[in-house]
Amino acid sequence: MAVDPNVKTIVDNRRARFEYEILETYEAGIQLTGTEVKSIRAGKANLQDAFALFRDGEAWLHNLHISPHGTASKVFNHDPTRRRKLLLHRKEINRMMGLVEQKGLTVIPLKLVLNRGWIKAHLGVARGKKLHDKRQAIKDRQTQRDIQRELKER
């Protein structure tokens, strides 16, 4: 997989792939204010408890915490946990809505990236993992580390 030099990861939700099994991924724009953009570019965002909901045919991102911008006044600053509209194509919204309603899946943000000057959210349609799945993931990761260590020593 080629790495695009125009895409820079700003914030990553590392727990998402441990807590959830990611079935599909999408890239969406986010409707932001100026101070939110400045804070995100400074890396002051937290995706830990964020999730997407669908209301009236639109996608909304909830619980994305973006810290208030330091040099902006309180009047012009933003609410840190306000819900933000996700900018997706109608077909993508309908597909995700169908998966969430029928199969009981959830949509979570995986990371925020800076793509050619635009802030985009990578979303994942996910199913929650059970405890034994998480233990298996830890074992697999440890085995991969051991294999890499052995190959490195040779």
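The entries go from the whole chain to single residues.

**Entry 1. Ground rules.** I am working on a predicted model, in which local features need pLDDT of at least 70 and side-chain atom pairs count only at pLDDT 80 or more, while totals for chains, interfaces and linings use all residues. Residues are numbered from 1 along each chain as its sequence is written, and side-chain values use heavy atoms, with hydrogens and water left out.

**Entry 2. Whole chain.** I looked up the secondary structure and found four helices and nine strands. Helices (H or I, at least four residues) and strands (E, at least two) are DSSP runs, numbered from the N terminus. Read from the N terminus, the order is β-α-β-α-β-β-β-β-β-α-β-β-α. Along the principal axes, the C-alpha atoms fill a box of roughly 60 × 40 × 30 Å. Of the 154 residues, 32% are buried; buried means under 20% relative accessible area, exposed over 50%, and partly exposed in between, with a 1.4 Å probe and protein chains only. I then took contacts (heavy atoms within 4.5 Å). Among contacts with a separation of 6 or more, 68% are between residues 24 or more positions apart.

**Entry 3. Nonpolar core.** How many residues does the largest nonpolar core have? I read 29, and those with the most contacts inside it are Leu86, Leu88, Met96, Leu112 and Leu123. Such a core is a set of buried Ala, Val, Leu, Ile, Met, Phe, Trp, Tyr and Cys residues joined through side-chain atoms within 4.5 Å. Elements giving two or more residues to this core are β1 (7-12), β2 (20-30), β4 (51-55), β5 (58-62), α3 (90-103), β8 (106-115) and β9 (118-128). I listed the neighbours of Leu86, not counting residues up to four places away in sequence: Ala28, Gly29, Ile30, Ala52, Ala59, Trp60, Leu61 and Leu123. In soluble globular proteins, nonpolar side chains tend to be buried together.

**Entry 4. Strand β5 and its partners.** Four of the five residues of β5 are buried. I checked the pairing next (two strands pair if DSSP finds at least two bridges between them). β4 and β5 run antiparallel and are joined by five bridges, with Arg55 bridged to Glu58 in β5. Their hairpin has two residues between the strands, and Asp56 there takes a positive phi near 55 degrees. β5 also runs antiparallel to β7, with three bridges, and Leu61 has Arg84 as its bridge partner in β7.

**Entry 5. Strand β8.** Is β8 enclosed or open to the outside? It is largely enclosed by the rest of the structure, because eight of its 10 residues are buried. β1 is joined to β8 by five bridges, running antiparallel, and Val11 stands opposite Leu112. β8 and β9 also run antiparallel, with nine bridges, and Val107 stands opposite Val125 in β9. The β8 and β9 hairpin has two residues between the strands, where Arg116 takes a positive phi near 55 degrees.

**Entry 6. Arg84 and Glu36.** Arg84 is in strand β7 (residues 84-87), and Glu36 is in helix α2 (residues 34-41). Why is Arg84 counted as buried? Arg84 counts as buried because its relative accessibility is 0%. Glu36 also has 0% relative accessibility, so Glu36 counts as buried. A polar contact of 2.9 Å joins the two side chains; such a contact is a pair of N or O atoms within 3.5 Å, where within protein one must be able to donate a hydrogen and the other to accept it, and residues adjacent in sequence count only if both atoms are side-chain atoms. The Arg84 side chain also reaches the backbone oxygen of Leu64 at 2.9 Å. Leaving aside neighbours within four places in sequence, the contacts of Arg84 include Ile30, Trp60, Ile66 and His78.

**Entry 7. Trp60 ring.** I found Arg83 over the face of Trp60, at 4.2 Å from the ring centre. The criterion is NZ of Lys or CZ of Arg within 6 Å of the ring centre and within 35 degrees of the ring normal.

**Entry 8. Leu99.** Leu99 lies in helix α3 and counts as buried at 9% relative accessibility. Outside four places in sequence, Leu99 is in contact with Glu24, Gly104, Leu105 and Val125.
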